[in-house]
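Please keep the sequence and the structure in view while reading.

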Amino acid sequence: ERVGCTGEASSACQQVPADFCRVMGTCCSSGNQLAECEEPLGIRASPGPAHNRRCTDASCCVLFGSLFAGLLCLAAYCLRVGDLRRVYHGRDHDGNLCGLGEMARRPMAFYPDLQNDVKEDPSLKKRYGLCVEKCPAQGALVMDYGQDQRQAEWL
């Protein structure tokens, strides 16, 4: 028989049959048999990192580093060539950015004909927009401007 302890104090120790330890998957300590009991469970006596550690993913680190460097180069190129203001400023049908340049007094973009724009071009790259001072109220008339007017007024 082996001695199994259920608590910290020695008074809590009791006699436990050897078969009970194997069946229940518990470790009953009696000298050198602790390692024997731990092996089937895959538990080490001292948890922590293994002593014989080594780098196994060097190729993945190189691949990650090269992809990250490529991403940085792409971001630098986009910032140098592109115009970031196009992301957060609306655009009218003449290509002017709302709130900038000659449209400085009109910071908001209004798209009066979105239903037809979606039918003609689902990607909405060629949407018909107007720069306005403020968002128009429902039913308000908005005057069109520019070279290629679709109609003079919009509801």
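Ten residues make up the largest nonpolar core: Cys 98, Met 103, Phe 110, Tyr 128, Leu 130, Cys 131, Val 132, Val 142, Tyr 145 and Trp 154. A nonpolar core here is a set of buried Ala, Val, Leu, Ile, Met, Phe, Trp, Tyr and Cys residues joined through side-chain atoms within 4.5 Å. Strand β4 (residues 130–132) gives this core its largest share, three residues. In soluble globular proteins, nonpolar side chains tend to be buried together.

The model is predicted: local features need pLDDT of at least 70, side-chain atom pairs count only at pLDDT 80 or more, and totals for chains, interfaces and linings use all residues. Residues are numbered from 1 along each chain as its sequence is written, and side-chain values use heavy atoms, with hydrogens and water left out.

Asp 144 is placed in the loop between β5 (142–143) and β6 (153–154). Asp 144 counts as buried because its relative accessibility is 9%. Its side chain makes a polar contact of 2.3 Å with the side chain of Tyr 128; such a contact is a pair of N or O atoms within 3.5 Å, where, within protein, one must be able to donate a hydrogen and the other to accept it, and residues adjacent in sequence count only if both atoms are side-chain atoms. Asp 117, in helix α5 (residues 114–120), has a relative accessible area of 2% and is therefore buried. Beyond four places in sequence, Asp 117 touches Leu 124, Lys 126, Arg 127, Tyr 128 and Arg 150.

For the chain as a whole, 17% of the 155 residues count as buried. The chain has five helices and six strands, taken as DSSP runs numbered from the N terminus (helices H or I, at least four residues; strands E, at least two). Their order from the N terminus is β-β-α-α-α-α-β-α-β-β-β. Of the contacts between residues at least 6 apart in sequence, 33% join residues at least 24 apart.

How values were computed. Buried means under 20% relative accessible area, exposed over 50%, partly exposed in between (1.4 Å probe, protein chains only). Contact means heavy atoms within 4.5 Å.
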